[in-house]
Every structure is written in structure tokens, then in C-alpha cells.
Amino acid sequence: MSKAYLGIDIGSISTKGVIIDGKNEIIAKEYLWTEGNPVYAVKRLIKLLESQIDTDKHKVVSVGTTGSARKLIGVITDASVVKNEITAHAIGTLSIYPNVRTIFEIGGQDSKIILIENGVVVDYAMNSLCAAGTGAFLSSQAHRLGVEVEDFGKIALTSKKPTQIAARCTVFAESDLVHKAQIGHKKEDIIAGLCQAVVSNYLNNVGKGKKIISPVIFQGGVSKNQGVKKAFEDTIGHEVIVDPDGHLTGALGVAIIAKKSGIERDFDFNIADIDFITKGVECSKCSNNCEIICVYKEDELIDAWGNKCDKGAIRIHVKA
Amino acid sequence: MSRYKVSFPHLGNYYIPLEILFTEGLEVDYIIPPSVTKRTLELGTRYSPDAVCAPFKYTLGNFIETLELGANTLVQAGGVCRLGYYGELDEQILRDLGYDVKFVNFAKTRISKPSTFYDKFKEINPNLSLNRIAKILPLVLKMVEYIDEIEDYVRKNIGFEVEKGSFDSLHEEFLESLEKVRTKPELNNTYQKYLNLFKGIKLKKPKRPLMVGIVGEYYTIMEPFSNHYIEKELAQKGIVVDRWMNVSNSLLHRPVKKVREHIKNYAKYDMGATSMYTIDKTLEFAKKKYDGVIHVKSSGCTPEIDAMPVLQNISSDHKIPILYFSFDTQTSDTGIQTRLEAFYDMIIMRKEKDNE
């Protein structure tokens, strides 16, 4: 029996998981929608991953979680490592492209840029305050235009004269888009214009002041959109690489980090059948009114967090 | 008005010397604002213009909270950015809300003209005794310096305490003792006593620990709630946190000329408020080979926005990573923690690489 490692990346829109072997080779991978319920999404994910591996041959000994629900899922899966998505993406990408210099990542709610030199992250930035130009924006505009977001890229590539769309802010972009549509711009031109708006928004905000050096790897859900990929290439003037498994990089990265951590305890795929409940409790001990998240496993409190000070601390009785 | 009950918004732990200045020097009551919490921010946000900088919202919230506690005289500071307009706007908003309050606005005072301060103090208490103020002022200023000195030591060492919580509980004790101090000898004794106690706290510090400098806008950098306790978060990861910005350094010792000389290759003109100090200290941290710098500001703070391109130049010239935070009225910590964690991972990986 050989050791295997599970990495889970739970984003706002999609949940990704991989199982790797001791040589960082992916032996199982899965991708599904989070649908606002990360616990349920992870349960389904674990079942699907289990069915892809030979459990007599591979034994998962360590779990890593990343993405915006990493803490909650880390508790539920008894993860060895809970890691932020910036580090996870960097490690995952470096394992496939050791020479990478720049990573663009545009996900459902956030976007980031990671700069790498000699295999080490030297700078990064994430969008602040506002989700303009992310996947959520593209899906809502696709809906408005009556096309599937999956077809966006294909349609964008047919445009000969992309429409100029204000890129600074989602609200401005949206009203500009409506205006351009009403004065008769072609749908494919508007869609291509939107892809360009996403790119200029990204480069002007997240990428501001950052030196973009190739090789550039483009990841996250939006990287599947060929229109955005092309707009990036047109703007920065060199090739942008989109890996077919690019959406799995965060999960891959955190699986590698879990492996490196050396913290091992056998993972039980049966957690998919266990009930986990989370409750938000408002602490009333001062006017901060912190929301404390309590996680229960079959009625037993297993973890709690969210308090700003010690007054709101909930102690967990750890069984010896 | 029978008795003056004065208050000034919270900024770090300076409420202690302020209380002494007002009660002993000006012979008025002083109302210490409640600690800044979510409620402070909610109150301030509700009655502030939406686009105003976050410190205005916090301080307005603090004013309302002290009015609820019976304050009848409010004091606001001035400064060379939007802070210069805070007082007038605060006063108007509070009047519109129906508060009958005396508002003393220090925006028109000039450090070069001490009599302007005297005029303002007279507004707070027309019967004030100049002698009393002259007697207490040196104590107040010295106390500010001691608080700053001790807190500097705390920031640099709290991440390495052997027993968790030793620094926090001693710090709390130190502040409580300061509240009782009324004379210079008392102050010096308290300071000496606690300095020794702090130095006596057992540390487990590596030979070359990670060092991070914090720079940025006046209020957000000094009021920990408004920066989501970023210094604490950093220190807990085992980092020496270095912050030059405090009242002693920036107001009492104002090194304006020196700063201009230091940064002349990067910036020629003063861009207002704390921008020049931000540039100067970032450059200094870079030259001292710190592992990283964190820049904090309230969203929309113009002087600090102007400083950012300069910081980017320093970052690329000296190969020092800089993380930028812009705080507004959001209260969720998740996004901040993600960025801080990534910053920590980055500087530690860079260090490992350098050591290879």
C-alpha cells in the first residue's frame, strides 16, 4: 500500500479536489459546483474521488485545504494543513511549470497576481474591496445577454471589432454594456469588449505597478474563457499559457503542502456520511458582537472561531 | 454649563496622558471614550458621508458614544489632509443630530504659534490657569514618550514570548498604573519598573528572526481595531514588528528636514499628512534588509495613495516585498488573513532561498 495525499480547494463558486501519490502525480481529480453549501459539496467531492482510486493500493494519509471555505472544511476533514489560496496556487503551479514567472488568477469572486523569481513567490496582490472583472461579473453579464457563460470565449473570438466598454467598475461596465447594446452593437462585439474590459480592469487594479514577465500562466475559472485569454495576449504582447488542469492547481498545491508537512493521520472517506452542522452564535459580551462559528460533528462541538478577544473564546474539550 | 465634561476620540492608548492633561491641567472632567468596537463604526458610518475616510467614521462614532456618556465638550484635532475638515463636519453632523455640544476645533492651531493653542484651551475652560498647564504638560509629554517606547518594545518581542499572554497582561497592568500617575517621579518609577518587568519576560527569539516594518496613515496605523489588529496577527507568526509611526516620533520630534534629505532621490515635494514618513521609513526598512513592509491606510487616503508609487519604486530597487492594505468599514477578517498568511509564506520562502 502506498501513501496518497488529498488536496481540496473550496471556492465560492466551485469546489476542486485532487489525490496525488508520493511523486506528486494526480491519481484522482474532481470539479463540481459549491452551490452555496461547501460542506455538502465536499462530501460529494470525497465520494467521487474515492471511486476513482484503488483503496487497496492507495491510502490517503494527509489532507490539505485551501480556498475561501478552507477553515471549515479543514476542521471537517481533520486536515493536516489549512493554507491560503495564494501559496497553494504558487506551489501547485511551480510543480507543473518550474520556470513560471507570473501567475494570473481570476476566480468567481476574487482575482490575484503572483510574481515568482527562482521558484519563490516575490510579490503578489489580490483584488481589494470590489469584485469587478471576476467570474461572477461575467456570468451575470452572460445571463443578461442570453448566452451561456461557457460559450462566451468562443463567441468573443468571432468578433472583428470589439466594443469599447468602461472597465473601471462593474456597475459602470454594466450600464455601458446596456447602452452599447441598445444602440445596436453586435452581440459578439459586446462580448469581446467585455473580455477586454475584464483584462484592463485586472491589469489596472490587481496588476498595477507589477512587472509582468513571461512565462505567464493564467488560471482560475475565467481562464477557460478563450476570449479573455486572447485579450490578455493582445494587451501584454506575449503568450499566456492556460493549463487544461489549471482549475485544479490550488488543490494540487495544497496536496503537495500537506505531503511536505509530514503530518500524517489516516483519512476516513466515510466522513461523507457523517452529519456536520455549523451554527453562527453572536457573542454578547461586548459591543463588537462577534459572530462565533461553531462546528458540530453529530451534535459534538469540534471547533469554534470568530471571536476577536478572549471573552468570546469557546473552549473545546479535547479527548485524550 | 455647570461642569465641563471633555472628550477626544480614541487613538491607541493616548487617552491616559490626555485624561491627565484635561483633568489636572485644564481642571475639567474627562470622559474616556469606550473602546472602539463594531458599534463605534456602525454609529459613525450611519451619520457620515459615504466617501469620507474611515478615521472620520470611527472618530464620529466615538464622539457619539462619549455624548451618550455625558460629555458636553468635544475636541477634534487638525492636520494637513482631510483631517483639517473633520472638526467642522463633525460639529455640523452632531448639531443636525440635535446634540447641544461645545465643539473645540484645533484645526486652526499652528505649532509655530503656541498662543493659538492657548486660545483653544481657553475655549475648553475660560478660567484655566496657565501655571497648571505649564506644570502638567512636561509630565503628559513624557508619558506619551514612555508609552511609545514600551509599545515599541512590545511589538518587537511579543511574537517570541515563551508563555503566551505575558506581554498583553503586563501591558494592561502598565497602562493601569499610568492612570494613577500624577507626578514626574511617579512616572519615572512606573516606567523603570515596567521596563524591567518587560525586559524580564522570557523570550525564545531566533538569532535572525523575520522582521516586518509597518508604515502608513496616522489613524489606521495607530488604532488597532481599524487595522484588524494587524500587528498582533503578524507578531503571532513569530515576527519582529517595527513601527516608527507614533505620537512621539511624528509630532513631538518631527524630523521633517531629515526626512526630506533621506528621500530626495524618491520624492521632492511633501505630499501631505504622513506620506513623507511612509516613504522615509519604507526606505529605511529596505536598507536595513527587513523581510518585508506592510503599508496600511484607510480607503481613499490621498496622501498615502500618492506615496504608493514611490513605495513600488523602493520595492523594486531594493527587492523588498510590500503588501498594501486599504481599510474601510468592512469587518470581516477573512480576506485580511488570507493576504497576511500569504505574505508570511512568501517572506519565509524568500528567506529560506537566501539561506541556501
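Let me begin with a convention: two strands pair if DSSP finds at least two bridges between them. Strands (E, at least two residues) and helices (H or I, at least four) are DSSP runs, numbered from the N terminus. This is a predicted model, in which local features need pLDDT of at least 70, side-chain atom pairs count only at pLDDT 80 or more, and totals for chains, interfaces and linings use all residues. Residues are numbered from 1 along each chain as its sequence is written, chains are lettered from A and ligands numbered from 1 in the order in which they are written, and side-chain values use heavy atoms, leaving out hydrogens and water.

I turn to the sheet in chain A. It is open and antiparallel, with three strands in the order E11-E12-E13. At its edges stand strand E11 (276-282) and strand E13 (300-305) of chain A, each pairing on one side only. From one strand to the next, the twist averages 25° (axes being lines fitted to C-alpha atoms, with angles from 0 to 180 degrees between N-to-C directions, and for helices over the stretch in contact). Seven bridges link E11(A) to strand E12 (residues 291-297) of chain A. Within this pair, A:Val281 stands opposite A:Ile292 in E12(A).

Strand E1 (residues 5-7) of chain B is joined to E2(B) by two bridges, and B:Val6 stands opposite B:Tyr30 in E2(B).

Now the interface. Counting contact as heavy atoms within 4.5 Å, 26 residues of chain B meet 25 residues of chain A. The two chains bury about 2,200 Å² between them, 52% of it on carbon and sulfur atoms; buried area is the accessible area (1.4 Å probe) lost on being put together, summed over both parts. B:Thr338, B:Arg339 and B:Met349 supply 23% of the area that chain B buries against chain A, more than any other three residues.

What is the count of salt bridges between chain B and chain A? It is two, where a side-chain nitrogen of Lys or Arg must lie within 4 Å of a carboxyl oxygen of Asp or Glu. B:Glu341 forms a salt bridge with A:Arg70, the closest N and O atoms being 3.6 Å apart.
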